[in-house]
Amino acid sequence: MRPLLVLLLAFAVTACGGEHQHGTATVWVTRDRGAHVLYTGTVPAGLTAAQALERTRKVTTRYGGRFIQSIDGIDGSATKQRDWFYFVDGIEGDRSAAEVTLQPGDVDWWDYRSWTGSSMSVPVVVGAYPHPFVGTSTSVVPIGVPRAVARAIAAQVHGSVAAKTPTRNYIVLSTRFDRDRVRIARLRSGVQLELGARSARRLAADPAAFRYRYGDRP
């Protein structure tokens, strides 16, 4: 009987939505590059990115459940070149959301937008800050911007100001940029965020200053 009991328990865990973990993850649903917020909520960690969405919103899928077709009646359309895209901790999904397991503290962000031209892929966005900088090494580099501003931002991501050794991620604060610049891009295996002087001060004062925002267009 014991093997059967173990099998039944394993099936129950799978049916409930994945491996049990302590803590929660966040689900966001927006449209038009985060301009309109449609939903925010929390789910237990351990669900996949797709399961988290399905638990909170009305969803239809395609390709055997591997991809999201519609959320709350808003359908993707190949002819209109608009669809649902997802990010986990600010990083664009590179596989089916059914294959990505959410960890405690993760942000599962779904955005409905145009995918014409260069907007087909957006590898990283700033709107889930302090993700994707937390949990890995980050150097904050001030160029003409007060070090007090740099220290405040470094504290938000548990990073260092002008680290003496290479780090995975960089946040560059510079008076050489346009003062409102907010540009984020992949850098080797990490991410680089470039902020103009006024944007740097805004972020230092409020970690949610750029929430739901993709960042400047290149």
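Biologist: Which exposed residues does the face of H3 turned away from its buried side carry?

Modeller: Arg151 and Ala155. Keep in mind that this is a predicted model. Exposed here takes a relative accessible area over 50%.

Biologist: And which residues of H3 are buried?

Modeller: Val149, Ala150, Ile153, Ala154, Gln156 and Val157. H3 itself runs over residues 147–157.

Biologist: Which residues does Gln156 touch?

Modeller: Leaving aside residues up to four places away in sequence, Gln156 touches Tyr129, Pro130, Val134, Leu203, Ala204 and Pro207. A contact takes heavy atoms within 4.5 Å.

Biologist: What kind of peptide bond joins Tyr129 and Pro130?

Modeller: A cis one, with omega at about 15 degrees. Pro130 belongs to the loop between S8 and S9. Pro132 is in the loop between S8 and S9 as well, and a cis peptide bond joins His131 to Pro132, with omega about 5 degrees. Why point these out? Because most peptide bonds are trans.

Biologist: Tyr129 and Leu203 come up again around the cavity, I think. Which residues line the largest cavity?

Modeller: Val126, Gly127, Tyr129, Leu203, Pro207, Ala208, Phe210 and Arg211. The volume of this cavity is about 30 Å³, and the search of the whole structure finds 1 cavity of 30 Å³ or more.

Biologist: On to charges. How do you know that Arg82 and Asp32 form a salt bridge?

Modeller: Their side chains meet with N to O at 2.6 Å, and the rule asks for a side-chain nitrogen of Lys or Arg within 4 Å of a carboxyl oxygen of Asp or Glu. The distance is inside the limit, so the pair qualifies. Arg82 is in strand S6 (residues 82–88) and Asp32 in the loop between S1 (24–31) and S2 (36–44), so the bridge ties together parts 50 residues apart in sequence. Arg31 joins in too: Arg31, Asp32 and Arg82 are linked in a network of salt bridges.

Biologist: How many salt bridges does the count come to?

Modeller: 10 by this rule. Another of them pairs Arg57 with Asp72 at 3.0 Å, N to O. Arg57 lies in the loop between helix H2 (49–56) and strand S3 (59–62), and Asp72 in the loop between S4 (67–71) and S5 (74–75), so this pair connects parts 15 residues apart. Then there is Glu99 with Arg66, whose closest N and O atoms are 2.8 Å apart. Glu99 is in the loop between S7 (91–92) and S8 (107–114) and Arg66 in the loop between S3 and S4, 33 residues apart.

Biologist: Why is Glu99 called partly exposed?

Modeller: Its relative accessibility is 42%, and the class runs between under 20% for buried and over 50% for exposed.

Biologist: What makes the phi of Asp32 worth a remark?

Modeller: Its phi is near 60 degrees, a positive value in a residue other than glycine. Asp72 has a positive phi as well, about 50 degrees. We flag such values because most residues other than glycine have a negative phi. His158, which follows H3, also has a positive phi, near 55 degrees.

Biologist: Last one: how much of the protein chain is buried?

Modeller: Buried residues make up 45% of the 218 residues.

Notes: Residues are numbered from 1 along each chain as its sequence is written. This is a predicted model: local features need pLDDT of at least 70, side-chain atom pairs count only at pLDDT 80 or more; totals for chains, interfaces and linings use all residues. Side-chain values use heavy atoms; hydrogens and water are left out. Helices (H or I, at least four residues) and strands (E, at least two) are DSSP runs, numbered from the N terminus. Buried means under 20% relative accessible area, exposed over 50%, partly exposed in between (1.4 Å probe, protein chains only). On a 1 Å grid over the protein atoms alone, a cavity is a set of points where a 1.4 Å probe fits but cannot get out, and a pocket is an open set with protein on both sides within 12 Å along at least five of seven lines; lining residues have an atom within 4 Å of a point. Grid points are joined across faces, edges and corners, and a volume is the space filled by probe spheres set on the points.
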